[in-house]
Amino acid sequence: MMKSHTLRRLAETIVAALTIGAPLAAIAQTAGAGAPTKIDSGDTAWMLTSSLLVLMMTIPGLALFYAGMVRKKNILATLAQSFGATAVITIVWMVVGYSIAFTGSGAFIGDFKYILLAPMGLNSVSPLAPTIPETVYMMFQMTFAIITPALIAGALADRMKYSAFLLFMAAWLVLVYCPIAHWVWGGGWLGAKGALDYAGGTVVHLNAGTAGLITALMLGKRKGLGTENMAPHNLAYSVIGASLLWVGWFGFNAGSALTSNVNAGMAMVATQIATAAAALSWMAAEWIIAKKPSVLGMVSGAVAGLVAITPASGFVDPRGALVIGVAAGIVCYIAAVHVKKMIGYDDSLDCWGVHGVGGALGAIMTGMFASKAINPSGAPKGGWLIDGNIGQMVLQFEDVGAVFAYCAAVTFLILLVLKYTIGIRVSDEVEMEGLDINLHGEVVHG
Amino acid sequence: MKMIVAVVKPFKLDDVREALVAAGVEGLTVSEVKGYGRQKGQTEIYRGAEYQVNFVPKVKLEAVVDDAEVAGAIEAIRAAAATGKIGDGKIFVLDVEGAVRIRTGENGSAAL
């Protein structure tokens, strides 16, 4: 006769197996399908923490980073873009975003069974993260879904209607971010082929950067660009914001290990080294070319390093991270400062120059420096320079190309619809007088 | 009565204030202003975007004194505020028609 607590443990195990059995059966190509999984409290504790760190990257990290760079009359409106996007994306993710991105077994999108997160119960576990509760996995992915569209605000600063902005956030999440996340991370075709993107160099940064470029072109230049003084109102906010981004990014990269283990540790190291290297290489480039190392430059360099190491963080060793960082600082400095000036588009806060270019660069350098010794399960064939796998370069270019092309096309269509229905740009008077007072009825005094 | 208006470099404010107190001037109004004379502004650069800032931050002092004290006050200000470099500022003297102390209603010199 079994003791009552043994009987209860047996019953719980059976119930747990039944609960996770259904989603496991639906997904064919996940490691461990059908095997019973155990919630690991160390993994869960880390992933709970990582979710908070990544959320902090948007509010207030990105919010302050951007707001400090705009003129005083637009500070509140810029903060409202990050804050409002956070709220909107949270709900849309719950309603349909998570379902499309991270459930089901389609090559291009998931399925719609997780509408309103209905099947997600207390004990649910996603096969994509088998040692943590699905609630935590869903939340972690939500914070990525929040920051990606929020990044686009950098390109549309100072001139977009708030109503159009919020609708754009929701539509872009569902039509651009969720499919691409599914392609690379959710069981879709790019991940299945073997493209490597550890924490979102293409899914997040190239994606947002491309959307930023399209948005900047469709909105048109700010009035007075080139003649009016558009100097940043308070770069101290931008330094605070960039610092919060740097610290929070450990949740972004090391958290993408989805476990609290050796991969997380190496990802953290790679992130720190690349970021510091990029801050210094941007600073050096600027010191030589513009004669002074600016504070805006050094924080921008750090962000460029963070962006570029993102796809590589779980696949490279410290030396690879160092090279990626040095390259990112210099390449993004040239892209954001010199190429932008030459071509003349108004990507106000360098969404494309830092995130687009940095993300693409990082994705390609991931193919160069990935090492199967660093991540044998995630990159079993390794990369080009260390493991001789030149085929990885092809996959990385495919990833970059597919994300760029799809994002550009669909972003363009979304904005086209918004432009010819509710309109996307504020009037000239509103733009001259300022967004804070006109869109939100508030100003910053003093 | 005369109003002495002086525009000086901001870091000189304390020196000027002390010099005026020593010269017997008991009241002062100070405001933060921007301006230029022969001193040209600075160039600021943000990610490659250059902005020529024409106005330089200054501090404006206003003090109303009896006619007899004007020369002493001007010399006190000038000695304390001078650095010898372009941008030291200027001192102006304006005629004042009347003055009233709000608390007591006193008029003229008694109000100063």
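User: Which residues of helix 14 of chain A are buried?

Analyst: A residue is called buried if 20 or more other C-beta atoms lie within 10 Å of its own, exposed if 12 or fewer, and partly exposed in between, with the C-beta atoms placed from the backbone. Helices (H or I, at least four residues) and strands (E, at least two) are DSSP runs, numbered from the N terminus. In helix 14 of chain A, the buried residues are A:Gln392, A:Gln396, A:Asp399, A:Val400, A:Val403, A:Cys407, A:Thr411, A:Ile414, A:Leu415 and A:Leu418. An α-helix has 3.6 residues a turn, so residues three or four places apart point the same way. This is a predicted model, in which local features need pLDDT of at least 70 and side-chain atom pairs count only at pLDDT 80 or more, while totals for chains, interfaces and linings use all residues. Residues are numbered from 1 along each chain as its sequence is written, and chains are lettered from A and ligands numbered from 1 in the order in which they are written.

User: What covers the buried residues of helix 14 of chain A?

Analyst: Covering is read from contacts, and two residues are in contact if their C-beta atoms, placed from the backbone, lie within 7 Å. The cover over the buried residues of helix 14 of chain A includes helix 5, helix 6 (189-193), helix 7 (201-219), helix 12 (351-369) and helix 13 (384-387) of chain A.

User: How many Å should helix 14 of chain A span, and what comes just after this helix?

Analyst: The expected span of a helix is 1.5 Å times one less than its number of residues. Helix 14 of chain A (residues 391-421) has 31 residues and should therefore span 45 Å, which agrees with its end C-alpha atoms being 45 Å apart. Just after helix 14 of chain A, A:Gly423 takes a positive phi of about 80°.

User: Where is helix 2 of chain A kinked?

Analyst: The bend at a residue is the angle between axes fitted to the seven residues ending there and the seven starting there. Helix 2 of chain A has a kink of about 35°, centred on A:Gly61. A:Pro60 also lies in helix 2 of chain A, and the peptide bond from A:Ile59 to A:Pro60 is cis, with omega near 5°.

User: Is A:Met57 buried or exposed, and which residues does A:Met57 touch?

Analyst: A:Met57, found in helix 2 of chain A, is buried because 29 other C-beta atoms lie within 10 Å. Not counting residues up to four places away in sequence, A:Met57 touches A:Leu62, A:Ile147, A:Leu244, A:Leu245, A:Gly248, A:Trp249 and A:Phe252. A:Met57 and A:Thr143 are 86 residues apart in sequence, and their C-alpha atoms are 8.9 Å apart in space.

User: Which residues have the most contacts inside the largest nonpolar core?

Analyst: In soluble globular proteins, nonpolar side chains tend to be buried together. A nonpolar core is a set of buried Ala, Val, Leu, Ile, Met, Phe, Trp, Tyr and Cys residues joined through C-beta atoms within 7 Å. The largest core has 147 residues, and those with the most contacts inside it are A:Tyr66, A:Leu245, A:Ala274, A:Ala308, A:Ile324, A:Ala328 and A:Cys332. Helix 3 (residues 75-102) of chain A gives the most to this core, with 14 residues. A second, separate core of 14 residues includes B:Ala6, B:Val25, B:Ala76 and B:Ala80.

User: Where are A:Leu116 and A:Asp158 found, and is each one buried or exposed?

Analyst: A:Leu116 is in the loop between helix 3 and helix 4 (134-151) of chain A, and is exposed because it has 11 other C-beta atoms within 10 Å. A:Asp158 is in the loop between helix 4 and helix 5 (162-184) of chain A, and counts as buried because it has 23 C-beta neighbours inside 10 Å. Neither is a glycine, yet A:Leu116 has a positive phi of about 55° and A:Asp158 has one of about 75°.

User: How many residues of chain B are in contact with chain A?

Analyst: Seven residues of chain B are in contact with 13 residues of chain A. On the side of chain B that touches chain A, strand 3 (42-46) and strand 4 (49-53) of chain B each supply at least two residues, and strand 3 of chain B gives the most, with three residues.
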